[in-house]
Amino acid sequence: MNALTKSFQLPDHQLTLLKPTSFDVNKGETVAIVGASGSGKTTLLSLLAGLDLPTTGEVYLKEHPLHQSDEEERTAIRAKHVGFIFQQFLLVNSLTALENVMLPAELANMEDASEKAKALLSQVSLGERFDHYPSQLSGGEQQRVAIARAFITQPEILFADEPTGNLDTNTGEHVTELLFELNKQHGTTLVLVTHDMKLAQRCERQLKMEAGQLVEVTGA
């Protein structure tokens, strides 16, 4: 990404969410974006993932120019290359744990979606929860389902927005271990937003945001 910005024109002034920001994320790298609430970290993640368009600047995902792509093109790029984990889990309440994990694979017309989903759920210690609905699962179990769902299409890049933000400390640590274990197994590039410095330090690099500006880069 190069000189990326995001702003909105309000009636009496321009609101700047992201000031010119440039950096690269290498294949297989783990990167944490940290900062206080309102610092611009989620805005930056949304632009990196092609969920939103920048006001100015360039952002490339797997050499695809997201800043020049329409919504349909960005959706196709995400479907092919990207996985997501969100703080709110975002499971489909009417689907079982197994069906939630299978969903991205079925949309991608993958073969053996059911078997792959069962294997991933077993890896995250939910082998006996295939037929349970989200309402029958704890917060930690729902996030483990979300992690399994994120990995089923074997994405090259995984974006995670506060993946432990809704979990207690012990559950969050367990979910963190699962996330990094699966990430290592699959060789996925991981970019996550977090206010948890312990989680951030598990990543090879940490990017610190303040008031919409990248102020510090630490790590490899």
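## Salt bridges and strand pairing in a predicted model

The structure holds nine salt bridges, a salt bridge being a side-chain nitrogen of Lys or Arg within 4 Å of a carboxyl oxygen of Asp or Glu. This is a predicted model, in which local features need pLDDT of at least 70 and side-chain atom pairs count only at pLDDT 80 or more, while totals for chains, interfaces and linings use all residues. Residues are numbered from 1 along each chain as its sequence is written, and side-chain values use heavy atoms, with hydrogens and water left out.

Helices (H or I, at least four residues) and strands (E, at least two) are DSSP runs, numbered from the N terminus. Burial is given by relative accessible area: buried means under 20%, exposed over 50%, and partly exposed in between (1.4 Å probe, protein chains only).

Asp 52 is partly exposed at 30%, whereas Lys 6 is buried at 9%. Lys 62 is partly exposed at 38%, and Glu 156 is partly exposed at 30%. Arg 129 is partly exposed at 26%, while Glu 141 is buried at 12%. A network of salt bridges links Glu 71, Arg 74 and Arg 78.

Strands count as paired if DSSP finds at least two bridges between them. Three strands form an open sheet in the order E2-E1-E4, with antiparallel pairing. Strand E2 (14-21) and strand E4 (56-58) are the edge strands, each pairing on one side only. Two bridges join strand E1 (residues 2-9) to E4, and Thr 5 stands opposite Thr 56 in E4. Leu 15, in strand E2, is partly exposed at 36% relative accessibility.

Strand E8 (residues 157-161) is largely enclosed by the rest of the structure, because five of its five residues are buried. Ile 157, Phe 159 and Asp 161 point one way from E8, and Leu 158 and Ala 160 the other way. E8 runs parallel to strand E7 (residues 82-86), with five bridges between them, and Phe 86 stands opposite Asp 161 in E8. Five bridges also pair E8 with strand E9 (residues 189-193) in the parallel sense; there the partner of Phe 159 is Val 191 in E9.

Strand E10 (residues 205-210) and strand E11 (residues 213-219) run antiparallel and are joined by six bridges. Leu 207 has Val 217 in E11 as its bridge partner. E10 and E11 form a hairpin with two residues between them, and Ala 211 in the turn has a positive phi of about 50°.
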